[in-house]
Amino acid sequence: PLAYLLNDDELKARVMPWIEWTLTHQAESGYFGPVPFEEEPEAEPGIQKTPRRDWWPKMVMLKVLQQYYSATGDERVIDLMLNYFRYQLEELPETPLDHWSFWANRRGGDNLVVVYWLYNITGEQFLLDLAELLHEQTFPYTTVFLNEECYEGPDVSHLYPYNTGNRYPFDMDLINRLCIRQLMSFHCVNIAQGIKEPVIYYQQHPDSVYLRAVKKALHDLRVFHGQPQGMYGGDEALHGRTPTQGIEFCSVVEFMFSLENILSITGDMEMADHLERIAYNALPTQARDDFSGRQYFQSANQVEISRNRRNFYVGHYHGGTDLCYGVFTGYPCCTTNMHQGWPKFTRHLWFATPDNGLAALVYAPSRVTALVGDNVRITLREETAYPFENTIRFILETDQSATFPLHLRVPGWCEAPEVRINGQERFGEQSNQTLIIDRTWEDGDKVELILPMEIRFSRWAENSVAVERGPLVYALKIREAWKQVDSDDQWGDYEEVYSRDPWNYGLLEAAIADPEAEFEVITRERISAPPWNLENAPVTLRAKGKRIPEWQLYNHMAGPLPHSRPQLHLTDVEPEEITLIPYGCTTLRITEFPVVR
């Protein structure tokens, strides 16, 4: 999608050999992809062969082809998918999703997304039969999220050393004690991808139980595993809410894609709030500004990035490189996956609405051209420095008058939004956290949406607090010392980062009680590109904090978080001025602060 969003010929040239080979090498049976060894030993030279017909890699390529069709309208995609889905319908009863690996069983929702997309284009009824079969063979997320009775199945945990296996659960006595708040066997990326499956299936069976299950799962993830940037401790299994637990980069981009799908189907504005929280906090910090390297894991409280074992679920598997910036550090999956975050986010900024209008549900500088009202083609330019500023401007371009409703999301954190049309204050009808402005529009019309941002706090592990303003979470500014390390092992060259400043600060109780008086907000007049680094941070908060002497490094991480109970008494420690910047601009950080007096 990046190649076509940017209309970049060089990127398209890199994409097209893979697309063309896929479209021109489908088997007569409908199968597509690498050829299994045992079926064709003399496969085409240069084409990778595979030991099995695993369903899961095809799900990835189906999404690629879906995006390619959306950009080009190449009808060969429709033909390939119809043939492949007939093949799936015939083969799945004998070789179900979990036949070759548990990945397809956990990620069947990605297959389901494309089946419904194709049905909406073709109306082929067999696709609905396939959808039922895919849902039946996918991990029962709805049941598990609601902690209700699950089906039994064989124990195949040997296929993956830290997962309970393909059929869940195997011990019916165990199910009565398990739900997402306790279950440590959920793989972090599986839950990021799988959490959308009940809502995807809801399109065919609109029972509120599917919506309720996903809402409960999101709640439980936050309460029992959550971190302030919108993600959850999962390194790689779910691992609780300690702020030093790792967050896999693949989880970030896949969780965003799930929220984008859920938002598209439900119109639930909480999903848009959550999506922005991840995109504007977790996503930018985990890759270098030029995407030449990335972390496998990030953490909310991250004060040293070095090659060492830590309290991660799988840290010992990856030579201690999980936090280091590199191409292969941790595990290579995140290198191939990290790029999808921004392009897919960009494709979900604007939505069509059932009343022939247009909805801006996620905010970023953008431009959209669409048919509205009575099929009038219009273009809307969105000009803003959001999430760093609170004003979003929409400028209309049209060759003729157009009557249609413009839907504008009001974020859950905003209490008093303002709307101005051509400079005049105006309040539209408000519904479901959305302002709806229904009028006849002319070329050059301008809408300003003003979303006042106030400093607020959220509570996390050990009664700590995170500082928030608008969609951004703020973290302690820590100067960095980068170290390049040459390595000839499988994890390749990497970079370590060490702190040049003290980090063990608690936030003063007075600042929590009266943020307007105790915090100074400093904004830059001009935002430099890229903004996601220490030097270019567009917004700075200044406040007072105290260093906590007993809070020191442990296992190359910030040690156990001191409990605020409700605040630490440090009467013998002098307060100091501390600086906070947006989480996405940091590399080293403290985000969950103890509260001190």
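The model is predicted, so local features need pLDDT of at least 70 and side-chain atom pairs count only at pLDDT 80 or more, while totals for chains, interfaces and linings use all residues. Residues are numbered from 1 along each chain as its sequence is written, and side-chain values use heavy atoms, with hydrogens and water left out.

**Cavities and pockets**

- On a 1 Å grid over the protein atoms alone, a cavity is a set of points where a 1.4 Å probe fits but cannot get out, and a pocket is an open set with protein on both sides within 12 Å along at least five of seven lines; lining residues have an atom within 4 Å of a point.
- Grid points are joined across faces, edges and corners, and a volume is the space filled by probe spheres set on the points.
- There are two cavities of 30 Å³ or more, and the second largest cavity holds about 50 Å³.
- Residues lining the second largest cavity include Thr244, Arg310, Phe312 and His556.
- The second largest pocket has a volume of about 780 Å³; of its 30 lining residues, Phe291, Trp342, Pro343, Thr346 and Trp532 are the closest to the centre.
- Elements giving two or more residues to this pocket lining are α1, α14 (269–285) and α16 (341–346), with the largest share, five residues, coming from α16. Helices (H or I, at least four residues) and strands (E, at least two) are DSSP runs, numbered from the N terminus.

**Surface and burial**

- Leu2, Leu5 and Leu6 make a nonpolar surface patch of about 270 Å². Patch residues have over 30% relative accessible area and no salt bridge, and nonpolar side chains (Val, Leu, Ile, Met, Phe, Trp, Tyr) are joined within 5 Å. A salt bridge is a side-chain nitrogen of Lys or Arg within 4 Å of a carboxyl oxygen of Asp or Glu. Areas come from the Shrake-Rupley method with a 1.4 Å probe.
- Leu5, in helix α1 (residues 2–5), is partly exposed at 42% relative accessible area; buried means under 20%, exposed over 50%, and partly exposed in between.
- Ile436, in strand β16 (residues 434–441), is buried at 17%.

**Backbone**

- Most residues other than glycine have a negative phi, and most peptide bonds are trans.
- The bond from Asp235 to Glu236 is cis, with omega near 10°.
- The bond from Tyr386 to Pro387 is also cis, with omega near 15°.
- Asn7 has a positive phi near 50° and is exposed at 53%.
- Asn555 has a positive phi of about 55° and is partly exposed at 31%.

Terms used. Patches are made of residues with over 30% relative accessible area and no salt bridge: like charges are joined within 9 Å, nonpolar side chains (Val, Leu, Ile, Met, Phe, Trp, Tyr) within 5 Å. Buried means under 20% relative accessible area, exposed over 50%, partly exposed in between (1.4 Å probe, protein chains only).
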